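The sequence and structure are shown below.

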Amino acid sequence: MNKSDIEKIKQIISAAKNILIIQADNPDGDSLASSLALEQILHKLGKEPTMYCSVSVQSYLKYLDGWDRVTTIIPKNIDASIIVDTSTISLLEKLQNSGSTGWISSKPCIVLDHHAETKSDIPFATVEITDPSVSSTGELIYRLAKELDWPIDEVSGINIMSAILSDTQGLTNDLATSGTYRLLAVLVDLGVNRPTLEDKRRNMSKMEPVIFKYKSKLIDRTELLLDNQLAYVVV
């Protein structure tokens, strides 16, 4: 992370009281858990954070405690904003259509993301940190917090680990690095129970029986062609 960017973030957060945490129009486990982690960190810093998303939280994300604090209404008294898990304006289309970007752009805006494949093009960003070397935005938030000496407790640790488990699919894909595993050990030492979090994530994402039966019918009707290289089904 660039020292100049870190200093800018430090100044923005120090000067702000009411801070808006923004997710993209397509929220996932990383964006929601990262928002919740930031909410807790900012509370510990004596700030007043508000979590915003243009769409309602999807049912499969409701295993994350605090999801119901996410609002679809932007408060008018913000001093700064933090956009999590996206650095492209195309994923904030509904926010733009709401007519609120003028108000948000008049205040300092921090962008935190880990997606290398997307172009950073948010025009009102004051400072952007996009780090593809980390597994998730949650992991990025932890590393930023350590740089800025922000407090990480069990609650923020739970959400940071939840963000990591979400984007790494329970540590089963290539996003998890050796640094990710070392961070998980630190979070476990804070009191975070990884098996409990993983069970909650999996239980909430279980397929409904009616969907399971419908998918089984689709599989049964699937035709394989070209030496099993092509599959198609008429829905």
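Two strands are taken to pair if DSSP finds at least two bridges between them. In this predicted model, five strands form an open sheet with the order 2-1-3-4-5 and parallel pairing. Strand 2 (48-52) and strand 5 (127-130) each have a single partner strand and stand at the edges, so one side of each is left without a neighbour in the sheet. On average, neighbouring strands of this sheet are turned by 15° against each other, direction ignored.

**Strand pairing**
- Strand 1 (residues 18-22) runs parallel to strand 2, and five bridges join the two.
- I19 has P49 of strand 2 as its bridge partner.

**Helices across the sheet**
- Helix 1 (residues 3-15) lies across strand 1, strand 3 (80-84), strand 4 (109-113) and strand 5, and runs at about 125° to strand 5.
- Helix 2 (residues 29-44) lies across strand 1, strand 2, strand 3 and strand 4, and its direction is at about 170° to strand 2.

**Largest pocket**
- The volume of the largest pocket is about 220 Å³.
- Its lining comprises 16 residues, of which D65, V155, I158, N159 and K200 are the closest to the centre.
- At least two lining residues come from each of helix 2, helix 6 (154-167) and helix 8 (194-204).
- Helix 6 gives the most to this lining, with four residues.
- By residue class, the lining divides into seven nonpolar, five polar and four charged residues.

Methods. Residues numbered from 1 in each chain as written. Predicted model: local features only at pLDDT ≥ 70, side-chain atom pairs only at ≥ 80, totals over all residues. Heavy atoms only, no water. Axes fitted to C-alpha atoms, helices over the stretch in contact; angles between N-to-C directions. Contact = heavy atoms within 4.5 Å. 1 Å grid on protein atoms, 1.4 Å probe; cavity = no way out; pocket = protein on both sides within 12 Å on 5 of 7 lines; lining within 4 Å. Points joined across faces, edges and corners; volume = space filled by probe spheres on them. Nonpolar A, V, L, I, M, F, W, Y, C, P; charged D, E, K, R; others polar.
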